[in-house]
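Visitor: I am new to this structure and should like to learn how to read its features. May we go through them one at a time?

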Amino acid sequence: MGTVVELDSRAFARRQAAPWEGAYGLSAVLNRWAGEQKIWSNVVLDETVPPRPAQVVPIPEGVSPAVQGALRRRGMAELYTHQAAAFELAASGRDVVVATPTASGKSLCYNLPVLDALARRSDARALYLFPTKALSRDQEEALRGFLKDAGLDHGAVTYDGDTPPDARRAARDRSGVLITNPDMLHTGVLPHHASWARFFANLEYVVVDELHMYRGVLGSHLANVMRRLLRVARFHGASPRFLFSSATIGNPAEHASRLAGREVALVGESGAPTGARRVLVYNPPLVNAELGLRQSSVKASVRLAAELVRAKVSTIVFGQSRNQVEVMLKYLRDALREDKLPDSALMAYRGGYLPEQRRAIERGLREGEIQCVVATNALELGIDIGSLQAVVCAGYPGSMASTWQRFGRSGRRQGEALAVLVTSSGPLDQYLARDPRMLMEAPVEEARVDPDNVEILIQHLKCAAFELPFEAGESFGDVEPEPVQDALRFLADHRVVHPVQGRTGQTVYHWSTDAYPANDVSLRSPSWDNFVIIDVARSKTIAEMDFRSTHTMLHEQAIYQHDGAQYQVERLDYENHKAFVRRVEPDYYTTAMTHVRVSVLEEAASGRLELGGAQSLLVGHGDVDVVEKVVGFKKIKFHSHENVGYGEVNLPAVEKPTTAFWYTFPEDALAAVDAPRAVLMDALAGLLNALHAVASVGLMMDPRDLGRTLVDEPAVGPDGHAARAAAGGRSFEPTLYLYDSVAGGIGLAPRLYEEQESLLRRAHHLMARCGCQEGCPSCVGPVAPHIQAAGWSRRAVALALLSAVGLGG
């Protein structure tokens, strides 16, 4: 537990309420919490981020008169310093990235140069890329208003899968600003660039909003889409500049430069004002000290949020998953039932809701009709939802960047604000609870991409060859001509492209198959075709679900939760991507149980890790095949969270090629610990939990980016298993795998391999210094009941295994 910090009542001083008045507002809630020992004794961090005044400058003289007039009509006689700096850099011909906090007016940083270009050239064009449809629609409305105020008749049209055919034609022929997403640009625009010739010939700016979202595989794909975009634009005679916008990340200039393929100038100091923000970390009380179990972070978050709503404080609650969001919405509505609040004042916002429902919720938030929204990370993005006073995060989101992105949702229009992080019993949350100053002092994570990943690069070279022939000696963005020629010769050997002699005698590579390559390259996952969810009682589609989530949330007999209501899945038409549900009123919800199997496909590196013990560990990393299969589900009772039953699931397994790092414990090391095989495997599972926690902290990444699994055999490829079988069967040499959660990998495995010793030492330190007796969620994870009943300590056995290989003595 951290030191209790006295509440500074001056932070949000307000007039004291009269006895007949309700105790409303943030100040009243904070004073009430400070007076309740059972709440305030669990507050391990209480910090106030001081307010910051605006830093403004006159509107630059280079801004066209029409756009200056639009700004003044909107009451903007001056600009924040970062907005002016971004305009000056763009006007000088530079590519720019603006990386400032949430609600600092970043959209004007790219809108201003774009509108200035449109005002100066009637045929100028701009391309806006947003990561989600919801954000595209939100920005389209704002941009149209700005264009109207400036007296510009250039259209702004959203071009995505929801755009009707007549609007698509208008986008091609008349739109001054095309608003789309990377997926649509990749499959719907670039392959048909001849139909967009006028647009590409006059393309001046490419705007990429929410840059921090494009990391890992998605970011690596986007970098290659940008290479293709610049190649097509150059063919049509244009050389567009990039305008990037990002929330705070550790390496914005480097990240933007990787995506653009050239140097990008950084604007990183915000001139926008901010109100005071109170930051609390609430660590729920222990309910079982021996097992290290704490009160549910879900229940604690709901209780705190309910008090805020009762005090008429507009609040957003962030959950970690769709299921958790729906559970919290139900609990909130139940808790506030006596307060006569209509259900429409408490809403959820997450992926899967239909577009019209999401837009209605956004509108309700902007207009103040919704007092509290429970959301996934879908609302981390810059969608305009008006002014909210408080944020409650149910669990650490996994990164400092995401945490502060969520915190930034409170006080978006200045004024007082509150941000509360409610930690769970998980190891990463408890690590933060033990050292809460990290939240205020730790550096923000870096965004990483690998656009030269061979698998990704070759896919986009095929797409690029389909769009335009490649000439000998041609580069591909920042990829030098020599590796491009090597790749083209490889494709020619496989008869994907056909080399012919050009007029100048140089070799030209033409696309030579009937296939349409962009259709076979998904930027986000192996399959992102959604399943639709149909209410059979009303014969109405109520929602949609992505392919992967369907396996865990829409299997038959699952309780699907939507807008606080429960539906049972009666039938899943897997082939036609339809789930048929019926409204029910159960006292439980369901959660899926998934089995993961890892097979090594190709070893990139391996060796022995000598730690001074009698035995050494085998370590390695390489390409693996991860097979995930939902094998059953649990029924969890509402409010008590007790397990009240199980069910079976029969769905196909989902395969995912990726990369992994592994430790293999030899038989001799295991023999040094006198314990049954089941106990040893349980202890290794606990060690794997600790390794996962320290790896997430050490690499400064979201824990969800790193999967983990334990198998009872060594890490060898198919040939190795065959050889072992021929030599006399399987040996008991368990392997602990840490693998990239995203298909193809994002380079985590090689980094873990480089940190193989320090990673293990940090895991040992985490377990050794934990105050629990047998193991707890803060170190090795919860102890299995049958292991505990037999008198074994998961934590003690895990430490003994590390001692056998030379750690800890």
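Guide: Let us start with A90, a residue of helix α4 (residues 81-91). The model shown here is a predicted one.

Visitor: Is A90 buried or exposed?

Guide: A90 counts as buried, because its relative accessibility is 0% and the cut-off for buried is under 20%.

Visitor: Which residues does A90 touch, not counting those up to four places away in sequence?

Guide: A90 touches V96, P113, Y205, R241 and L243. As for separation, A90 and P165 lie 75 residues apart in sequence, and their C-alpha atoms are 34 Å apart in space.

Visitor: Which residues of α8 and α10 meet?

Guide: From α8 come P182, L185 and H186, and these meet L222, V225, M226, R228 and L229 of α10. By class, this contact of α8 with α10 has six nonpolar residues, one polar and one charged.

Visitor: At what angle do α10 and helix α11 pack?

Guide: The angle between α10 and helix α11 (residues 252-260) is about 50°, with axes 7 Å apart. That makes α10 oblique to α11. On the α10 side the contact is made by G219, L222, A223, M226 and L230, and on the α11 side by R258, L259 and A260. The residues of this contact divide into six nonpolar, one polar and one charged.

Visitor: What span should the 20 residues of α10 have?

Guide: At 1.5 Å a residue, α10 should span 28 Å; its end C-alpha atoms are 29 Å apart, which agrees.

Visitor: How many residues of α10 are buried?

Guide: Of its 20 residues, 18 are buried, so α10 is largely enclosed by the rest of the structure. In helix α3 (residues 65-73), the buried residues include V67, Q68, G69, A70 and L71.

Visitor: And Q430: in which helix is Q430 found?

Guide: Q430 is found in helix α16 (residues 427-434). Because its relative accessibility is 3%, Q430 counts as buried. Leaving aside neighbours within four places in sequence, Q430 is in contact with N283, R294, T423, S424, S425 and S778.

Visitor: Which residues other than glycine have a positive phi?

Guide: S539 is one of them, with phi near 50°; H577 is another, with phi near 60°. S539 has its place in the loop between β22 (531-535) and β23 (540-545), while H577 lies in the loop between β25 (565-573) and β26 (578-584).

Visitor: Are S539 and H577 buried or exposed?

Guide: S539 is exposed, with a relative accessible area of 66%. H577, at 18% relative accessibility, counts as buried.

Conventions. Residues numbered from 1 in each chain as written. Predicted model: local features only at pLDDT ≥ 70, side-chain atom pairs only at ≥ 80, totals over all residues. Heavy atoms only, no water. Contact = heavy atoms within 4.5 Å. Helix = DSSP H or I, 4+ residues; strand = E, 2+ residues; numbered from the N terminus. Nonpolar A, V, L, I, M, F, W, Y, C, P; charged D, E, K, R; others polar. Expected span 1.5 Å × (residues − 1). Buried < 20%, exposed > 50% of the residue type's maximum accessible area, 1.4 Å probe, protein only. Axes fitted to C-alpha atoms, helices over the stretch in contact; angles between N-to-C directions. Parallel < 35°, antiparallel > 145°, perpendicular 65-115°, else oblique.
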